[in-house]
Amino acid sequence: MENWLGLANRRVLIAGAGGIGQACATAFAQAGARVVLADINETRLQNHENTLRADFSTAEGCEDAVEQAVGQLKGIDVLVHAVGINHRVNILDTTDENWQRTLDINLSSAFRLGKAAGKHMVSAGWGRQIYCSSVSGLLAHPDHGPYAASKGGINQLMRVMAREWAKDGVTVNAIAPGYTETDLTKAHLDKPGVREHYTSLVPAGRLGTVEDLTGPVLFLASEQASFVTGHVLYADGGRTLV
Ligand SMILES: NC(=O)c1ccc[n+]([C@@H]2O[C@H](COP(=O)([O-])OP(=O)(O)OC[C@H]3O[C@@H](n4cnc5c(N)ncnc54)[C@H](O)[C@@H]3O)[C@@H](O)[C@H]2O)c1
Ligand SMILES: O=C(O)[C@H](O)[C@@H](O)[C@H](O)[C@H](O)CO
């Protein structure tokens, strides 16, 4: 069953080299794809072969990253958007600066990277874009104002991209992880009682791991998913069922 996902030699840009982005980079490489992994934090890139340093908080940073990846890979077939921050502050204490920064990094980067990569994919007549949404795009977690707004925004942006590019062979989807232990969540989960509380909300009886997310991402990037577009695929152990 070599290359059963049809990902061999696919050219993949993964934007965001945190827990989820790095796990995806490894999984795509195992499926035979050629991966460029990009992040602002160079220490996140250390264990990976093809990398680039990029700041996704600006339009230029996003556009440059796509063009550099296209230069390295001689094209781009798959974009995985795995960048995000969360300030965890209630609405009344959220500063305008925090609001803006969260929206820039989590949502505007999706528009900017998606548009820049979409241009190449539409003209090639084939492409896959996969965005990291969150259960927070649906559920109203306290202290998640800008974060939740960014994830709800990703869901709708993704649907419009999916519709506009469907005739061009480009599919656009999102995964929505539940609480998954990475640097984004670790400090919060380590507070007394928090891990137990969130675990108790998951019908599967445990929090997610980054490996729980690579299968859904690879599926959405695969040949098998060529008629699947505009979906938010919840990978949350049933969290959003209750
Ligand atoms: N971990 C979870 O529980 C969880 C749940 C739902 C959704 N998500 C989403 O999945 C995605 C990946 O999250 P993660 O858990 O891997 O988090 P993470 O913190 O491990 O990784 C995020 C990465 O984004 C990078 N980054 C931040 N600002 C940047 C910038 N301006 N330019 C370039 N890179 C920048 C960070 O350096 C980091 O490597 C995010 O969109 C997050 O919202 C995570
Ligand atoms: O900083 C965080 O804790 C994360 O961003 C989480 O909130 C997840 O995104 C998810 O929504 C959890 O259910």
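**Strand E5 and its neighbours**
- On one face of E5 are Gly127, Gln129 and Tyr131, while Arg128, Ile130 and Cys132 point the other way, and all of these residues are buried.
- E5 is also joined by 6 bridges to strand E6, residues 170-177, and these two strands run parallel.
- Within that pairing, Gly127 has Val170 of E6 as its bridge partner.

- Helix H3, residues 96-124, forms a right-handed β-α-β unit together with E4 and E5.
- A right-handed β-α-β unit is likewise made by E5, helix H4 (residues 145-165) and E6.

**Annotated region**
- An unreviewed UniProt entry carries the annotation "domain: Ketoreductase" for residues 10-197.
- Over residues 10-197 the chain is 45% helix and 17% strand, with the end C-alpha atoms 40 Å apart.

**Confidence of the prediction**
- The protein chain has a mean pLDDT of 97, and 100% of its residues reach 70 or more.
- Among the elements of the protein chain, strand E4 (residues 78-81) has the highest mean pLDDT, at 99, whereas helix H5 (residues 186-189) has the lowest, at 95.
- For the complex, the predictor gives an ipTM of 0.96 and a pTM of 0.98.

Notes: Residues numbered from 1 in each chain as written. Chains lettered and ligands numbered in written order. Predicted model: local features only at pLDDT ≥ 70, side-chain atom pairs only at ≥ 80, totals over all residues. Heavy atoms only, no water. UniProt positions renumbered as here; feature names shortened; annotations may be inferred. Helix = DSSP H or I, 4+ residues; strand = E, 2+ residues; numbered from the N terminus. pLDDT = per-residue confidence, 0-100. Buried < 20%, exposed > 50% of the residue type's maximum accessible area, 1.4 Å probe, protein only. Right-handed = clockwise from strand over helix to strand, strands pointing away. Pairing = 2+ DSSP bridges.
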